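Please consider the following notes alongside the displayed model.

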Amino acid sequence: MAKFLLAVVVIGLVGVVGGGWYFSNELITQEPATVPAPPPELDARPMSFVSDGLEIRGWYVEGGNDCGLLFLHGRGGTRAQPLPWRVPFEGLDCHHVLIDARAHGESEGTFHTYGVHERHDAAVALDWLARRTGLGEDRLGVVGVSYGAATALQMLPDHQDLAFVLADSSFSSLREVARFQAVEQFDDWVLTLFEPAAIIAGLRAGFDIDDAAPERSVVGNEVPVLVVHDVDDPYTPFEQARAIDAADPDDPLVLVPFEGDADHHQMVLTQTQRYTRVVADFLAEFAPEFGA
């Protein structure tokens with residue numbers, strides 16, 4: 001009987017560890033997408049830098065004005081994904097840097113850490129842009145989409161001189177959004193493997209999933225932040241945007257809900273005019289000197 005019970009325990013542990021390993025893969029790995037050629041009219045120049053021993057690659061687009069923008073894409077995307085987000089800023093003629101996050105596109109790396117390590121890569125990109133243009137951080141803004149939005153928000157504690165941050169469809173807590181997506185994709189039973197998967201993912205990628213929490217990064221923040229989110233987003237629930245907004249009632253953060261898409265970060269494509277107006281109004285109120 002003792003041997004039987006031991007066998008059951010061993011089989012159970014093997015199942016938990018095996019299941020945890022499988023779902024850790026789902027969380028922190030993904031086959032990098034191919035980076036498409038940039039539109040010829042963009043005149044994008046290849047650029048790269050080393051961060052944390054990894055080569056991070058991207059594009060630099062020279063502008064004609066004293067302002068700069070760093071664009072950060074979503075999970076599974078590449079530097080090309082945020083190109084539509086340039087539209088609301090076209091009239092400003094800013095310098096642009098668009099990078100492939102680590103383990104995405106043509107950048108090196110193996111694991112995704114949802115902003116915990118990526119925020120340091122983004123900081124190096126921001127420094128690259130500042131040195132290339134001679135601009136101070138107060139003339140630079142960061143535009144992030146989904147995973148990139150979460151990264152942008154997690155940059156805030158160390159970059160309080162930024163002109164602004166635009167966070168489109170960010171999660172507020174990796175733990176909460178990962179649990180939500182796990183149930184959506186696999187049903188409630190998968191939650192029994194969530195903690196083993198989170199622990200294994202953290203050990204493999206060198207991070208704690210609880211550190212990927214943009215809602216904590218905005219506490220005490222003084223940088224103007226524009227958060228946009230579709231109220232019927234099926235991938236990252238709108239409640240995540242509300243949590244970011246509620247984290248510090250005194251910070252200069254504006255939450256603008258969008259309706260009508262029932263999709264994830266598509267508003268800039270489907271409601272371009274309104275999106276552009278929202279960005280313009282935000283800059284006029286909170287960063288009037290940006291691009292002036």
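1. Strand S7 (residues 225–230) pairs with S8 in the parallel sense over six bridges; two strands are taken to pair if DSSP finds at least two bridges between them. Helices (H or I, at least four residues) and strands (E, at least two) are DSSP runs, numbered from the N terminus. Within this pairing, aspartate 230 has phenylalanine 258 of S8 as its bridge partner.

2. The model is predicted: local features need pLDDT of at least 70, side-chain atom pairs count only at pLDDT 80 or more, and totals for chains, interfaces and linings use all residues. Residues are numbered from 1 along each chain as its sequence is written, and side-chain values use heavy atoms, with hydrogens and water left out.

3. The open sheet has eight strands in the order S1-S2-S4-S3-S5-S6-S7-S8, with mixed pairing. Strand S1 (45–51) and strand S8 (253–258) are at the edges and have a single partner strand each, so one side of each lacks a neighbour in the sheet.

4. Helix H9 (residues 272–286) packs on the sheet and touches strand S6 (164–168), S7 and S8; contact means heavy atoms within 4.5 Å. The direction of H9 makes about 165 degrees with that of S8. Axes are lines fitted to C-alpha atoms, for helices over the stretch in contact, and angles run from 0 to 180 degrees between N-to-C directions.

5. Serine 146 lies in the loop between S5 and helix H3 (147–155). Serine 146 counts as buried because its relative accessibility is 10%, where buried means under 20% relative accessible area (1.4 Å probe, protein chains only).

Conventions
Buried < 20%, exposed > 50% of the residue type's maximum accessible area, 1.4 Å probe, protein only.
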